[in-house]
Amino acid sequence: MVTDPIADYITRLRNAIMANHRIVEIPSSKMKKEITKILFDKGYILNYKFEDDKFPKNIKIALKYHPVSKLSAITSLERVSKPGLRKYANARELPRVLNGLGIAILSTSHGLMTDKEARKANVGGEVLCYVS
């Protein structure tokens, strides 16, 4: 059993990027699915597939690389709020990642969203991770 599934998700992605893998397979959960959808919508990953028909349920993520330089679209992934020390931000104090070039993923009362979407909806929440 993993004590922090979001940190495990981020670590698996980070390790796959460092090893230049094209596809990474991660155990599935509702929160991981939502984070994957956000990463896809913001252009950080190439594609994803939820394998819910077999056990254990997995998420297959196709990582995105530059065709010439072979650099990943994701340069850094950082877990912010941990089980031992939760980090919260209200609507006025939402973090900016790389001066707006990156995203912060938040868990709010309206579901998971990026920092920009949370500013627009004027909601705060738990800061899960930074992606740039």
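Modeller: A polar contact here is a pair of N or O atoms within 3.5 Å, and within protein one of them must be able to donate a hydrogen and the other to accept it. The model is predicted. By that criterion, the side chains of Glu-126 and Ser-81 make a polar contact, at 2.6 Å. Glu-126 belongs to strand β8, which covers residues 125–131. Glu-126 counts as buried because its relative accessible area is 12%, and the cut-off for buried is under 20%. Leaving out residues up to four places away in sequence, Glu-126 touches Ser-81, Arg-86, Lys-87, Tyr-88, Ile-105, Leu-106 and Ser-107.

Now the backbone. Most residues other than glycine have a negative phi, and most peptide bonds are trans. Against that background, Asn-20 has a positive phi of about 60 degrees. Asn-20 lies in the loop between α1 (5–18) and β1 (23–27). Its relative accessibility is 51%, so Asn-20 counts as exposed. Leu-98, likewise not a glycine, has a positive phi near 50 degrees. The loop that holds Leu-98 runs between β5 (88–89) and β6 (103–108). Leu-98 is exposed because its relative accessibility is 53%. The peptide bond from Phe-55 to Pro-56 is cis, with omega near -5 degrees. Pro-56 sits in the loop between β2 (45–51) and β3 (58–63).

Helix α2 spans residues 30–41, twelve in number. From first C-alpha to last, α2 reaches 17 Å, close to the 16 Å expected at 1.5 Å a residue. Its buried residues are Lys-32, Lys-33, Ile-35, Thr-36, Ile-38 and Leu-39. An α-helix has 3.6 residues a turn, so residues three or four places apart point the same way. After α2 comes Gly-43, with a positive phi near 85 degrees.

Asn-20 comes up again in the largest pocket, as one of its lining residues. That pocket holds about 160 Å³ of space. By type, the lining divides into six nonpolar, four polar and two charged residues.

Methods:
Residues are numbered from 1 along each chain as its sequence is written. This is a predicted model: local features need pLDDT of at least 70, side-chain atom pairs count only at pLDDT 80 or more; totals for chains, interfaces and linings use all residues. Side-chain values use heavy atoms; hydrogens and water are left out. Helices (H or I, at least four residues) and strands (E, at least two) are DSSP runs, numbered from the N terminus. Buried means under 20% relative accessible area, exposed over 50%, partly exposed in between (1.4 Å probe, protein chains only). Contact means heavy atoms within 4.5 Å. The expected span of a helix is 1.5 Å times one less than its number of residues. On a 1 Å grid over the protein atoms alone, a cavity is a set of points where a 1.4 Å probe fits but cannot get out, and a pocket is an open set with protein on both sides within 12 Å along at least five of seven lines; lining residues have an atom within 4 Å of a point. Grid points are joined across faces, edges and corners, and a volume is the space filled by probe spheres set on the points. Ala, Val, Leu, Ile, Met, Phe, Trp, Tyr, Cys and Pro count as nonpolar, Asp, Glu, Lys and Arg as charged, and the others, Gly among them, as polar.
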